[in-house]
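Here are my notes on the model. Please read them with the coordinates open.

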Amino acid sequence: MNRRLHVFTHEGQRFTSFNASSLPAVIPPIPRPWNPQLESDSSPENIKDVLTTQWAYETRPWFPLIPTNPVFDGAVFSCLNHSFYSIPIESTPDGRHILRGDVRQQWETLEQKLLWCQGRLAANMHFPWYGQCPRAPRDYGYLRSHVDVTLAKKVALRSRDAFLGISAICTYFIMTRRYRPHKESSTWTDLLTNDARCPIPSTWVTELSRTFLGDLTDSVPRTGMIINAAYGLSWDTDVVMFEHFRVPIWVFWPPNVLPNKTWNRYFPSAEDIAAATHTSWGGSQGGNNQRGIRSDDNPWGAQSSDDPWGTQSNDNPWGAQSQSNDSEQTPASAVQSQPDLSCFPLPNRNSGQRHGEDWEAFFARRAMQNKKKEEKETPSHKQARLSRERSAENHRIPGKSSTIQVFEWQPQDDYNGFMLRTHITKAGVEGVWGDYNKCTRIFDSFSNQWDLCLALDPTSMPDGDDREDDDDIMPPLPKTAPLDVPPPAPSSFLNDIHTYFGSNVSLSSRHKDIEGLAPILHYYFGYRPTAPSSAPLYASMQLNEWIKKTNWDHLRKLLGDSAAETGSIAEPQRQSIKIFIAYLVNLKESDLGVIPPDVWDLGPDPSLQITHAYI
């Protein structure tokens, strides 16, 4: 099958791809090539640096398989579903801060399970000779206490992201097993469920297969990778495998590099290059580039140089239309009503922040003001401003004799975390400067002011904690085989199912591998536990009457649930179960296709036996 080769040009660089219609949002700097003498490359070790598209590295064939939008849900990964504001932190007896104990235990158990799965999936599998596995989440510090709450949260979230690394290498082995199956080898699911040391319940493995770790369809977008055509890879045959599973692949063509046998099919023709150049420079409106990167003139995402708020006014970012410069003013009826600002705190005096203006809007407005200032700037003023910029590049803390002002964006608990720009006195700068780093500090050379804003990069590590970060949390990665992970307790896998689908509901006497009425309906009949409890869209009068007349206690007994085992299923889920059973009981087999997919995940299947002796 002939596939179309997509050719992209950006900043004089040429890229090609068969399965990507645009370049990555951000292209990292070109790394140094693999060094066979040192047996190393410049691949990043910190998981935070690889959550976006990276170059192909000899030691990290699993980088391309990191999911771009992971959903921490389901029986396996729901314990990771936390944000910076929701992740629970508790105090230690010595006044430090650490991830709350119950969550810490859940993460530690999940880490053991995934590392165990990694070891089983890697058995008898080819892996690059110099390949390196991802670091375990515990290496990132979630089991340790920290000096303050903010640092404890950042470390916990960074540790949470490290689970994506383990998941990616497991995905790599699953993908390899499916793409290059051996005649005598088992499927990856059978490999986990039939392991002699720790047979994992099939229900848990099924849940795992539905997550970003085991789902190899294009419904789970992945970061992909950029290959430098000037160099080969010891695992270059995996590129075809990645393409088969629709993992994005780009090939970069440096100047004067001729295609070798490996990358020859990616080499663009002269016609392809001409068409790409035309598209890059003349095919988009408004000068937007192919990568979706904001313009240098407007780094904060303002929509146009003349009007940073789109159709709104510079002086009124809340949507009231500005008056004309002519003597004729806009009729009062044409002016939109002002928004209610009572839900926002009053800005601090002399902060420059407007009432109700968040940090993004502030920076966008200031960027446009600076652009206008630059147009009127004299040569001497420009020279002085550039000198201030150069001095600020090293992010040195301003001294007490400095004329630089420092502002900190502080969240207001009474206003749902809305951030106010607050001036920091010279005496107080030293106490807050180390809470930020080069990602969360912005210097404005026009006003000679620093802004400290955690919202710029909520998970970044403060400069003041570099010692703890580098020496304690992230020790150098040993070039040894990973430690032999002890097998997890089999009950821990069933606990995941039990906790997610409903506690204190057990039918283990009838189904030894599945606990709970909802899980049994899910695994044996295809019921979705997240099904809506609202009235069915395709309901007939007969269906509605059945739902109305059916008693919950009677229904659960018919389904095999005893009085001692029930009680934990909330009313909304009881209603959704009644609707689900109503479909199966009242619809003909030929009409099962009308069941919404958010209620039934099996779909119409003539071989599916839905009859019940007592219904």
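1. Burial comes first. A residue is called buried under 20% relative accessible area, exposed over 50%, and partly exposed in between, using a 1.4 Å probe and protein chains only. Cys453 has a relative accessible area of 0%, so this residue is buried. Cys170 is buried too, with a relative accessible area of 0%.

2. Ground rules. This is a predicted model, in which local features need pLDDT of at least 70 and side-chain atom pairs count only at pLDDT 80 or more, while totals for chains, interfaces and linings use all residues. Residues are numbered from 1 along each chain as its sequence is written, and side-chain values use heavy atoms, with hydrogens and water left out.

3. Overall content. The protein chain has 16 helices and eleven strands. Helices (H or I, at least four residues) and strands (E, at least two) are DSSP runs, numbered from the N terminus. Of its 615 residues, 45% count as buried. The accessible surface comes to about 32700 Å². Carbon and sulfur atoms account for 49% of that surface. These areas come from the Shrake-Rupley method with a 1.4 Å probe; for residues, only the protein chains shown count as cover.

4. Contact range. A contact means heavy atoms within 4.5 Å. Take the contacts in the protein chain between residues at least 6 apart in sequence: 69% join residues at least 24 apart.

5. Cys170 is in no disulfide; the nearest cysteine sulfur belongs to Cys117, 6.2 Å away.

6. The five-stranded sheet. This open sheet has the order S1-S2-S7-S6-S3, with mixed pairing. S1 (6-10) and S3 are the edge strands; each has a single partner strand, so one side of each lacks a neighbour in the sheet. Two strands pair if DSSP finds at least two bridges between them. In general, strands of a sheet pair through backbone hydrogen bonds, either parallel or antiparallel.

7. Strand S1. S1 runs antiparallel to S2 (residues 13-17), joined by five bridges. Phe8 has Phe15 in S2 as its bridge partner. The hairpin of S1 and S2 has two residues between the strands, and Glu11 takes a positive phi near 50 degrees there.

8. Strand S3 and what follows. S3 runs parallel to S6 (residues 225-228), with two bridges joining them. Gln54 stands opposite Met225 in S6. Thr59 lies in the loop between S3 (54-55) and helix H1 (74-77). At 1% relative accessibility, Thr59 is buried. Leaving aside residues up to four places away in sequence, Thr59 touches Trp34, Asp41, Ser43, Tyr130, Gly131 and Gln132.

9. The four-stranded sheet. The order is S9-S8-S11-S10; this sheet is open, with mixed pairing. S9 (418-424) and S10 (441-444) are the edge strands, each pairing on one side only. From one strand to the next, the twist averages 25 degrees. S8 (residues 405-412) pairs with S11 (residues 449-452) in the parallel sense over four bridges. Phe407 has Asp451 in S11 as its bridge partner.

10. Helix against sheet. H10 (residues 426-433) lies across S8, S9, S10 and S11, and runs at about 130 degrees to S9. Axes are lines fitted to C-alpha atoms, for helices over the stretch in contact; angles run from 0 to 180 degrees between N-to-C directions.

Terms used:
Disulfide = S-S within 2.5 Å.
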